[in-house]
Amino acid sequence: MTGRREAMNRIWVEIDNLHKCFGKNEVLKGINMSIRRQDVVCLLGPSGAGKSTLLRCINRLEEPTSGRVFIDGEEITAHGVDLNYMRSEIGMVFQNFNLFPHLNALENCTLALIKVRKMRKKEAEQRARDMLRQVGLENKADSKPKELSGGQQQRVAIARALSMNPKLMLFDEPTSALDPELIGEVLDTMIDLAEKGMTMIVVTHEMGFARKAATRVSVLDHGLILEDNTPDKVFDAPEHPRTKEFLSKIL
Amino acid sequence: MNFRDLFYYFFNFKFFIITLPNLLGGLLVTVEIAALSLSLGFVLGLVLAVIRVTLRHSGSSRFLRILDLPLVLYVDVLRAVPPLVTLVVIYYALPFINITIPRFWAAVLTFVVILSAFAEEIFRATIEAIDRGQVEAARSLGLSYLQSMACVVIPQAFKIALPPLTSRMIAVTKDVSLASVIGVADLLKKARAAQSLYANPTPLFSAALLFTLLFLPLVRLSMYIEKKLAE
Amino acid sequence: MESLIYNFFNVEVMIRARYLLWLGLQVTLKLAFVSLLFAVLAGLFLAVIRSLGIRFLNVLIIIYVDLFRALPTIVLFMLVYFTWPYFGISLPRYWSAVVALTINGGAYFEEIFRAGIESIDEGQTEAARALGLSFTQNMFSVILPQAIRVVLPPATSNALELIKTTVLASVIALPELMKQAQQAHGSLANPTPLIMAALIFLVLLWPLVRLTGYLERRFAK
């Protein structure tokens, strides 16, 4: 127990005064966040608030205009940093899955292991199968993405990211592109992941998930964080008036 | 004019047999030029396409995007100018500025650059058509830009590129006979020479037959590939 | 560099060669226009016949199309040009070229139009016939107008190819643009006319190249 609390106290992700402009439009106006290890952080907020942009700045799929991001003490936004290496330590799951259609599920998972981690094929396949098993799809290892349902594809995408044994998992609206009856299986997988102690940052509209699995909820609006607290506090006793407005519209 | 005379002139079996070895030698040259041109042109086209995609999408650097301009020129010029004109310029005009290339290689060079221009456009269009999300997923896994290109984007683009590419490659192969105009001893040149020698057009028809035998299966093959990949 | 300008962009030579090249250009344009017209009509005609579904005719058309898409155009030019004399007909070079280009172009256009016609849903024909329209009325008022959208990109691309192919007439000594350029190159001992011809083709055809690309993107499936 003590060990877990100690591990929980470590700052895993530090975001320092992050700004992002698209041309003249400033989308992130100075974000500051400290995320501890094994935190499950849900980013909520209205459309256009900058949630996805913030997420994508963490692994620099979007380049921050200014500010710094630290992962486990290392600054990913520093000059001359080995970006490919740092990205390999961060897992990302996309709204549109982005599975590689010309590879089957197993190959989707082993590609980066072989090319980036330089693993041998057998080792990589073993690891990939373990991850597919964890998401409940080991019997679909030889299936191509087009043979799988949306929910299955997203779970393979999660397995693909997990195969790299990342320090952190980023989820960008993972269930927004799914038919309603398929959302559950993906959320269950994510809850399972959270219980196993993965540090997760999730952009989502699934409030049920946020209430159940999140250790923290951050509400963004117009590029700034309005509230940043435990789910209970944010949902039942929001402080900021705009948060109240936003929550009243969706709950 | 009756049928026997017709046959004597156009499909004379005796001449056909006599000229066959000579013609086959010419066919070999045609195939050599074609093989070289197709393989080198294909590779060059792919390389140029990757270079152009990288230049065009290097969002921040205006300088890099300007470097694309000479490549645009290369590709547009070689696709607009008729192959025979390009061939004649390379073989007859270049010597005047001290670049003399033997005919065989002048022909190969011509078809390599022409195919590379068409191939570049086809590859570039298909690469750019691949969803950005694919590159993002690959990069987020830690794959480098080149790895993402080689393992994720190009394999997918290739499948879409194959039908138009094969038909263009066949077109270029047919153009190889243009080399006879600058005196390369290919099938057509040998046929014309034999025709003058024997004052009989049978060699020309024999050559036409050989060409048809060579290309018909290729045309059918490309139609088959197109159908298969449309699924 | 100076050598480049003297040999490729020699102003004096340009001035002296301009009339010859102008004559050649006229021949090229006439040849292109006439052959394109005939080839399109031939292709359209064959494609429409093919849609009738008469097996015997279709076999003939398929043989024609396969044969002339496989045969290199330059060989076809020579076959057309060298065989007529044996029949005692003396066909002028210009018309030999037109015949060759029409036969070759017609084969390609037939395939393009056929694909266009076949891409139109059968239901269209069913509806038209159910309304009492005849085969021709259906073809010309219902099918072909719709097929035009499908057909436009490959047809422009093919038209471009045909215009480029007019250059092959130079091998049967038709005084089109390239032949005249070669003539001027020979008599003036300077390759500038060749470069001029290349540039003229570029100016003529580059817009078509761009147009084809635009149409292909616009009507992409």
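Which loop holds Asp72(A)? Let's find out on a short tour of this predicted model.

**Before you click**

Residues are numbered from 1 along each chain as its sequence is written, chains are lettered from A and ligands numbered from 1 in the order in which they are written. Because the model is predicted, local features need a pLDDT of at least 70 and side-chain atom pairs count only at pLDDT 80 or more, while totals for chains, interfaces and linings use all residues. The predictor gives the complex an ipTM of 0.87 and a pTM of 0.84.

**Stop 1: chain A as a whole**

Select chain A and you will find 10 helices and 10 strands. Both kinds of element are DSSP runs numbered from the N terminus, with at least four residues (H or I) for a helix and at least two (E) for a strand. Along the principal axes, the C-alpha atoms of chain A fill a box of roughly 55 × 45 × 45 Å. Its radius of gyration is 18 Å, which agrees with the value near 18 Å for a compact globule of 251 residues; this radius is taken over C-alpha atoms, and the globule rule is 2.2 Å times the number of residues to the power 0.38.

Of the 251 residues of chain A, 47% count as buried. Here, buried means 20 or more other C-beta atoms within 10 Å of a residue's own, exposed means 12 or fewer, and partly exposed is in between, with C-beta atoms placed from the backbone.

**Stop 2: strands and turns of chain A**

Now select strand E1 (residues 11–22) of chain A, which pairs with E2(A) in the antiparallel sense over 9 bridges. Two strands pair if DSSP finds at least two bridges between them. Look for Lys20(A), which stands opposite Leu28(A) in E2(A). The hairpin of E1(A) and E2(A) has 2 residues between the strands, and Gly23(A) takes a positive phi near 65° there.

E1(A) is also joined to E4(A) by 5 bridges, again antiparallel; His19(A) has Ser66(A) in E4(A) as its bridge partner.

Asp72(A) is in the loop between strand E4 (66–71) and strand E5 (74–75) of chain A. Its phi is near 50°, a positive value in a residue other than glycine. Asp72(A) counts as partly exposed because it has 16 C-beta neighbours inside 10 Å.

For another positive phi in a residue other than glycine, select Gln38(A), where the value is near 70°. Gln38(A) is in the loop between strand E2 (25–36) and strand E3 (40–44) of chain A.

**Stop 3: the nonpolar core**

Select Leu43(A), Val85(B), Val75(C), Phe77(C) and Ala197(C): these have the most contacts inside the largest nonpolar core, which has 186 residues. Such a core is a set of buried Ala, Val, Leu, Ile, Met, Phe, Trp, Tyr and Cys residues joined through C-beta atoms within 7 Å. Helix H5 (residues 103–129) of chain B gives the most to this core, with 14 residues.

**Stop 4: where chain C meets chain B**

Finally, show chains B and C together: 35 residues of chain C are in contact with 30 residues of chain B. Contact means that the C-beta atoms of two residues, placed from the backbone, lie within 7 Å. On the side of chain C that touches chain B, the largest share, 9 residues, comes from H9(C).

Colour by confidence before you leave: chain C averages a pLDDT of 89, and 99% of the residues score at least 70. pLDDT is the predictor's confidence in each residue, from 0 to 100.
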